[in-house]
Amino acid sequence: MEDGDGGSHKFVPFASDLDWRIARWAVQEGIGHNTGMSLNFVTKKLGLSYHNVCGLHTMVDSIPSHAKWKTRELWYKSDPDDKHTIHYRDSKEVISALLGNPAHAKDNVYHPRKIFTDSSKMTRIYNEMWTSEWWNTVQGATLAPVIIATDKTQLMQYSGNKTAYPVYMTLGNLPHSLRQRPSQHACVLVAYLSVSKSIGQELTKKHKSTCIQQIFHDSMCFILEPLKEAGKHRMEVVFGDGYVRHVYPILACYIADYPEQCLVMCAKYGTCPKCMASENDLGKSEASRRQAQQTTLTVIKDNIGVSMSLSNFQDCCKQHLISGWLELSQVSGKERKDMARILLGCLIGKAPSQVVLCYCAILDFVYIAQYSSHDDNTLCYLDNALKLFHDNKHILTDPNLVPVREHLNIPKFHAMLHYAQAIQDFGTTDNYNTEMFERFHINCAKEGWRASNFCDEVPQMAQWLARQEKVAMFESYLKHYKSLDDIQAEKEAGIEDVQGPKMGIFISKRPSALNQPLASVQSKHHCPSFSHHLIYYLNQFLNHSQGQAIPKSQLHSTQLPFHNISV
C-alpha cells in the first residue's frame, strides 16, 4: 500500500496516524466490547477504519508476530483422560525476536569483556553478564546466553485458588537495566505451564506429587528442546541493526526460588541444589563439590532397575528427592527488607554481643551481595562477612545459653557459600535474582487474567499478551521507520548510522548522599582504604613541575584537606 507521495505507507494495517493512536490507546487501556468504542457515531466522527472493538482487535491481530502461541497436551498412558495443556512459543523464535528488536540494537553486546579498576589489571570488575568468567570461558562465536525463570503465581489478590505458572526468557546480551523493565520488552513470556491437579484420584499423595513433578520436567523439556540443536549447530538471526549473524544460544542461568531449584535439579528438599552437601552438612563453612547432571542421571538409572516400588526408589535416591518441610512461608521481599532494617535495633541490649555480631555479619553479607557492581575487593568483603558469621554462629546453638536453634543446617544459609562464585561466573546478583520477575507477573499474568472472562482463561491471557506485544512492536517500528526518500537523502549527504553496544560502567550524574563524613563512607561501603587511595588519586592532578605534587614517599602520612564528601 502506498500513499500519495509514492512512499511506503508506514501505518499499515492502520489507515492513518489517528487510526493507529486510537488502537494503541484501546489495547493498552483494555477497552472492552461494552464501551463507547462500539458506537458507530464515535468511529464515524473520528473517521476510523474500524467500527467497533472487534474490528480493532482484528486489525491488531493482523500485525505479524515474531513468536506465535501454540498448545501442546500431555497425559499419562495410565490416565489418558486427564489432559495437561501447556501454552508455549518456539524458544528459537523468542530469541530471534529479542535479538531482532531495533529498539535494543545499540544495547546488544556480542562479545565478553574483562574490565579492571585501573591499567595495572590487578583488580577485576564484575557487573553485567558479559564481564563474567562464564561468558569469557564459553565464548567461541557469537553467543546468546539464555536466562530462564519459572515461578508459580497467585492470580487472585485476596482469596481463591486461581494460579498461573509462567516461564520467562531473556538474554544476557542485554544490560540488566533493560531486562528488569517490563516496558522495554527485553524479557518475554515463553510459556504457561499446566497448573491442573486433576491427577488420578486413586493415586496416593506421593504418587500425585511425583506425577506433577514429571509433568513439569516433560513440559520444560519440550519447550526448550529447540535450543539443543541450535546450541550445537548455531542459528541464523537478523539483529536489530540489520545484520545477519550466526548465534549459539546456550542456557546460562535458570532463575527460581528454592523449592523450584530442588524441583529442577531433582534434589531433595532440605539439601543444596547447587552442590553435593547433604541436609546435615549445610551448616558447614565450606561448600561441597558441585552438582553435575551426569551424577544425577547415574543415580537415577542405577536405582530404577533395583527398586521394587516408588517409595523404595525414592529412598534409594535420597540425595535426589523433593520432600521435606518448610517452617516459614509467604514472606515477600518487601517484608524481608523491612525486618532487616529493624533487626539489629531490636537485638542491641537484649542479646549477647556475639549474637549481635552474627546478625550484623549476615546483614553485611546481604547488603554487599546486592551491589550493582563488584570487584575483587568487594568479593573479599563478602567472604569476610560470611567468615565472621561462621566464626560466631556457635552461640546460636549453644546449649548452655538459650539456643536459637538446635542446628543451622538451613539451605539459605548454606547458599551464601555460592554467592561469590556466582558473581564471578555470571555477574552481579541483579542479573539473575527472582525479585525482578515479580513485576513481570503483573504484566504477563495478572493483568491478562483480569482482562479475560475467567473461563478457560489461559488462551485469553496469551491472546491479550500477544496484542500488547504487537502494539509495542509496532510502536518501536514507527520510531525506527525510514522512508525510501529518507534513506536516499542520508546516502547523498554521506550520513552513516553507526550503531554499537554501550560498554562500561554507568555512574549517576548527581550524588545521592551529600556531605558524608569520610569515616562514615568507609564504614558503610566497606572500603577501609578509601581515604588512602583518594589521596593517591587526587595527587595525580597536582602540577609536578611546579612542586605542587606530594612525593610518593610522603603520601602515606598525608592527610586530606577535607573531612566530608558527597557520594
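Biologist: Where is A466 found?
Modeller: A466 is in helix α17, which covers residues 457-479. Keep in mind that this is a predicted model.

Biologist: Is A466 buried or exposed?
Modeller: A466 is buried, since its relative accessible area is 17% and the cut-off for buried is under 20%.

Biologist: Let me zoom out. How many helices and strands does the chain have?
Modeller: The chain has 21 helices and 13 strands. It has 567 residues, and 40% of them count as buried. Among contacts between residues at least 6 apart in sequence, 65% join residues at least 24 apart.

Biologist: Back to single residues. Where is E128 found?
Modeller: E128 is in the loop between β4 (124-126) and α5 (133-138).

Biologist: Which side chain of opposite charge is nearest to E128?
Modeller: That would be R179, 4.6 Å away. E128 is buried yet has no salt bridge, because a salt bridge needs the two charged groups within 4 Å.

Biologist: Then what does the side chain of E128 reach?
Modeller: The side chain of E128 reaches the backbone nitrogen of H176, at 3.1 Å. Setting aside neighbours within four places in sequence, E128 is in contact with L174, P175, H176, G427 and N431.

Biologist: Y110 next, please. Where is its place?
Modeller: Y110 sits in the loop between α4 and β3 (115-116). Y110 is buried, because its relative accessible area of 10% is under the 20% cut-off.

Biologist: Which side chains does the side chain of Y110 make a polar contact with?
Modeller: One is the side chain of D241, at 3.4 Å. Another is the side chain of R245, at 3.5 Å.

Biologist: What else is Y110 in contact with?
Modeller: Leaving out neighbours within four places in sequence, the contacts of Y110 include A105, W135, Q139, T142, L143, N173 and F239. Y110 and V247 are 137 residues apart in sequence, and their C-alpha atoms are 9.4 Å apart in space.

Biologist: You mentioned α4. Which residues in that helix are buried?
Modeller: In α4 (residues 91-99), the buried ones are S91, V94, I95, L98 and L99. Seen down the helix axis, the buried residues of α4 fall within an arc of 125°, so they line one face.

Biologist: Why would residues three or four places apart point the same way?
Modeller: An α-helix has 3.6 residues a turn, so residues with that spacing point the same way.

Biologist: What caps the N-terminal end of α4?
Modeller: D90 does, with a side-chain oxygen 2.8 Å from the backbone nitrogen of K92.

Biologist: How about α20, which residues are buried there?
Modeller: In α20 (residues 530-539), S531, L534, I535 and N539 are buried. They fall within an arc of 130° seen down the axis of α20, so they line one face of the helix. These buried residues pack against α19 (518-524), α21 (552-555) and β13 (564-565).

Biologist: Let's finish with the backbone. Which peptide bond is cis, with omega near 15°?
Modeller: The one from V12 to P13. P13 is found in the segment before α1 (17-29). Most peptide bonds are trans, and most residues other than glycine have a negative phi.

Biologist: Which residue has a positive phi of about 70° although it is not a glycine?
Modeller: That is R234, in the loop between α7 (205-233) and β9 (235-238). R234 is partly exposed, with a relative accessible area of 42%. F454 has a positive phi too, of about 65°, and is not a glycine.

Biologist: Where does F454 lie?
Modeller: F454 lies in the loop between α16 (436-450) and α17. Its relative accessible area is 44%, so F454 is partly exposed.

Key. Residues numbered from 1 in each chain as written. Predicted model: local features only at pLDDT ≥ 70, side-chain atom pairs only at ≥ 80, totals over all residues. Heavy atoms only, no water. Helix = DSSP H or I, 4+ residues; strand = E, 2+ residues; numbered from the N terminus. Buried < 20%, exposed > 50% of the residue type's maximum accessible area, 1.4 Å probe, protein only. Lys, Arg positive; Asp, Glu negative; His and termini not counted. Polar contact = N/O pair within 3.5 Å; in protein donor to acceptor, adjacent residues only side chain to side chain. Contact = heavy atoms within 4.5 Å. Arc of directions from axis to C-beta.
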